[in-house]
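These are my notebook entries on one structure. I set down what I looked up, topic by topic.

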Amino acid sequence: MSRPHRKHLLTSVQMARFVAHGSLRMDAVVPAEMNAQAVDVLREGIPAAPYGAPLAEAFEEGSFARRLVGLPEIAGAIYSLVGPDPTVDHHAVHIRRAREGTAQNLHGDAIIDVRPDAFDVQLMYYPQEVTLDMGGTLSVPGSHLRRTNESDTGRYQNLRGQSRLTCPAGTVVFLHHGIWHGGRRNDSDVDRYMFKIRFNPTVRQLRLWNTDDLYDPAVAAELGRLFPWYEHATGRLEIYNRVKLWQALVGDDSYDPDYWVTRVTNRPTRVVAQRSLNPHARQPTAVGETA
Ligand SMILES: O=C(O)CCC(=O)C(=O)O
């Protein structure tokens, strides 16, 4: 995968928004002629690839999936998030059948994955317009760094601030691997299709995006965002977690706009104690004492 043109890379503010929300949405980014082919292609199925196949091997040159990930804005976002030459962890076509009668519970994909300084990205492509009654994917902004295990999250229902995706045809959403999400019940008469690809990075996720706006105050504003479902105190841990992630992404351990990380990682190593632990050793005279 060659480096996309700078104008297609994400900005620092977009990256910070991804780090805070755990997702990034690109409305109608796939052209209409591809969307028109997509449902037939997805219905037929995308050929399977072994876990961790290089992108170039997972999807044949010229195939629908390859053209999808090669669209300039999509390639730019993938590069910004996971870098060049990611591997395809797995991919799947998800169909919510018309009037199917059931919904998926909230879940995270895979197992508990608490990497504080790296992440996988899941691309979700919606070839059709998704209306509210088509059961667009439910997701919980800011849930991706919370430490819960896969389907155990299903015990939570209707969190304040959760979002149900409605979108125009050709929309792509990028999700952090940990985000809580689930397909909703499709109450419409139309089968709803979504194609998902999970990418693993093969390089350190370090300043891969367009960093021209790295010091824009909007970056800190994004990273400090609170979401309505957060508890008063535990919610602050999310800010801490995302500042740690941002520090890793920018390669600067001193970045800490609200001092949350500095405070709890403060373990100075300079020793000024003068008294020896050995009771027989001659102890130095304390300052101000007469010998
Ligand atoms: O169909 C959907 O909207 C989401 C499905 C999904 O992401 C999953 O099964 O993990």
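What percentage of the 291 residues of the protein chain count as buried? I found 36%, where buried means 20 or more other C-beta atoms within 10 Å of the residue's own, exposed means 12 or fewer, and partly exposed lies in between, with C-beta atoms placed from the backbone.

Entry 1, basis. I am working with a predicted model, in which local features need pLDDT of at least 70 and side-chain atom pairs count only at pLDDT 80 or more, while totals for chains, interfaces and linings use all residues. Residues are numbered from 1 along each chain as its sequence is written.

The C-alpha atoms fill a box of roughly 90 × 40 × 35 Å along the principal axes. I then looked at contacts (C-beta atoms, placed from the backbone, within 7 Å). Of those with a separation of 6 or more, 88% join residues 24 or more positions apart.

Two bridges join β5 to β8, and L138 stands opposite G182 in β8.

Which residues surround the ligand? I listed H94, R96, Q104, D109, T137, H181, G183, M194 and K196, a residue being near if its C-beta atom, placed from the backbone, lies within 6 Å. At least two residues of the shell come from β3 (87–96), and at least two from β9 (192–200). By class I counted one nonpolar, five polar and three charged residues, taking Ala, Val, Leu, Ile, Met, Phe, Trp, Tyr, Cys and Pro as nonpolar, Asp, Glu, Lys and Arg as charged, and the others, Gly among them, as polar.

I traced 13 residues in α2 (residues 32–44), spanning 19 Å from first C-alpha to last, close to the expected 18 Å; the expectation is 1.5 Å times one less than the number of residues. The helix has a kink of about 40° centred on A38, the bend being the angle between axes fitted to the seven residues ending there and the seven starting there. Just after α2, G45 takes a positive phi of about 105°.

I located H144 in the loop between β5 (138–139) and β6 (163–164). Why does H144 count as buried? It does so because 27 C-beta neighbours lie inside 10 Å. Leaving out residues up to four places away in sequence, H144 touches G22, H176, G178 and I179. The C-alpha atoms of H144 and H21 are 7.8 Å apart, although 123 residues separate them in sequence. I also checked L55, in helix α3 (residues 55–58), which is buried with 21 other C-beta atoms within 10 Å. Its C-alpha lies 8.5 Å from that of F199, 144 residues away along the chain.

Notes
Helices (H or I, at least four residues) and strands (E, at least two) are DSSP runs, numbered from the N terminus. Two residues are in contact if their C-beta atoms, placed from the backbone, lie within 7 Å. Two strands pair if DSSP finds at least two bridges between them.
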